[in-house]
Amino acid sequence: MGTKWNIGMTSLLLLLAFVAQVSADTYFDVTQYGAMADGKTDISKALLEAWSLACSSPTSSRVVVPAGIYALGQVTLEGPCKAPINLIVKGNIKAPADTSKFKPQAGWIAFQYIDQFTLSGYGVFDGQGPTVWGKKCDRTKYCHLLPISLRFNFITNSIVRDITSKDSKQFHMNVLGCRNLTFAQVTISAPGDSPNTDGIHIGRSSQINITHSTIQTGDDCISIGDGSEHISIERVNCGPGHGISVGSLGLYPHEAPVIGIRVKNCILTDTTNGVRVKTWPDSPQGSATGMHFENVVMNNVANPILIDQEYCPYNQCKSQVPSRVKISDLVFKNIQGTTPTQIAVKLVCSKGFPCQKVEVGNINLTYTGPEGPAISQCKNVEPTLWGMQMPHTCAHDI
């Protein structure tokens with residue numbers, strides 16, 4: 001009896017020891033690999049070492065950046081990993097002010113080729129944008145020289161939640177080639193006059209969900225580029241910023257179609273645009289279809305509802321040549337609020353490829369300026385109208 005008990009106890013102790021070892025092996029605290037929370041010492045080496053060990057683990061793993069202030073240079077955290085992996089950021093991670101030695105187009109922090117990845121932890125990624133805004137590049141032009149803060153390249157079946165991106169030098173987050181990626185309870189913040197600081201830009205990705213998030217920045221809160229399919233944006237608070245945009249599309253040849261965009265139950269406040277679709281004139285052929293904007297509240301939002309197929313921000317395009325991007329199956333419904341611009345609904349479609357199957361219903365937008373009531377202008381579109389029309393859509397042609 002005693003022998004059996006001893007064998008049983010020995011087996012249990014060995015099992016507990018094995019479980020403890022596995023548990024220890026799958027939890028990787030960057031401070032155990034040399035990271036210092038002094039806000040000065042670059043933790044790149046420590047983070048990459050912890051990531052490499054976690055990524056090679058045969059069981060689910062966690063890489064942890066504890067509370068504190070950390071300096072981090074340019075890093076790429078790459079898969080594929082052998083099992084699900086979670087990067088938990090509890091601290092404040094600061095980008096270097098000087099990015100002259102960064103690899104071009106690589107961003108500050110890149111996550112790529114990872115399946116079942118989670119980024120979480122209530123931490124802050126501080127891009128230190130004020131150190132370069134308006135100094136390195138012209139404020140009126142897109143600046144490819146500055147790094148995007150967080151790049152998500154070819155990520156699948158993953159989630160980003162409960163993190164903050166602050167003061168990015170360029171875009172806060174860029175999503176490329178991803179599938180089934182969710183952003184939940186994300187906070188993005190930068191001043192309203194910070195240049196080129198799009199909140200989340202999506203391109204050539206599918207099944208991207210953005211929900212219960214707050215985006216305050218100096219450019220588009222969310223911008224959707226070519227090749228985006230089945231994108232859901234719900235319960236997002238946007239503003240300041242430039243609103244929620246599909247496009248701009250048609251700048252480059254061979255752009256992939258945009259299919260299935262749904263923006264629902266969002267609130268926009270003090271933005272320079274509301275919900276819009278924008279394409280360049282004189283564009284190569286392209287298409288955008290199945291775009292639905294519904295249940296959106298506009299608080300002091302300029303240009304609340306906008307299709308702009310003559311988009312030319314720097315006046316360096318052939319504006320008289322129509323866009324070749326075909327827009328169809330587009331719905332604006334249940335949109336209400338206030339605007340400082342008298343033209344509250346503006347639908348400017350291509351002369352060469354007029355918009356098709358556009359539906360506008362239950363619109364209640366109040367102009368707060370002195371010129372009179374809100375109005376609508378339309379060009380090359382004959383939308384289907386229903387419900388409340390304040391202003392009456394397409395009452396004026398351009």
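**Reading salt bridges and a buried asparagine**

Modeller: Asp282 and Arg324 form a salt bridge, in which the closest N and O atoms are 3.6 Å apart; please keep in mind that this is a predicted model. The two partners come from distant parts of the chain, since Asp282 lies in the loop between strand 23 and strand 24, whereas Arg324 lies in the loop between strand 25 (305–308) and strand 26 (325–339), 42 residues apart.

Biologist: How many salt bridges does the structure hold?

Modeller: There are nine salt bridges in the structure. One of them joins the side chains of Asp126 and Lys94, with an N to O distance of 3.0 Å. This pair also links distant parts of the chain, with Asp126 in strand 10 (residues 124–126) and Lys94 in strand 7 (residues 92–94), 32 residues apart.

Biologist: Which residue forms a salt bridge with Glu294?

Modeller: The partner of Glu294 is Arg262, and their closest N and O atoms are 2.4 Å apart. Here Glu294 sits in strand 24 (residues 286–299) and Arg262 in strand 22, 32 residues apart, so that distant parts of the chain are linked. Glu294 is buried, with a relative accessible area of 8%, but Arg262 is partly exposed at 37%.

Biologist: Which residues are linked in a network of salt bridges?

Modeller: Such a network links Asp220, Arg276 and Lys278.

Biologist: Let us turn to the asparagine: where is Asn273, and is it buried or exposed?

Modeller: Asn273 is found in the loop between strand 22 (258–269) and strand 23 (275–279), and it counts as buried because its relative accessibility is 8%.

Biologist: What does Asn273 touch?

Modeller: Leaving aside residues up to four places away in sequence, Asn273 touches His242, Gly243, Leu268, Val301, Ala302, Asn303 and Leu306. With Asn303, a polar contact of 3.2 Å joins the two side chains.

Terms used
Residues numbered from 1 in each chain as written. Predicted model: local features only at pLDDT ≥ 70, side-chain atom pairs only at ≥ 80, totals over all residues. Heavy atoms only, no water. Helix = DSSP H or I, 4+ residues; strand = E, 2+ residues; numbered from the N terminus. Buried < 20%, exposed > 50% of the residue type's maximum accessible area, 1.4 Å probe, protein only. Polar contact = N/O pair within 3.5 Å; in protein donor to acceptor, adjacent residues only side chain to side chain. Contact = heavy atoms within 4.5 Å. Salt bridge = Lys/Arg side-chain N within 4 Å of Asp/Glu carboxyl O.
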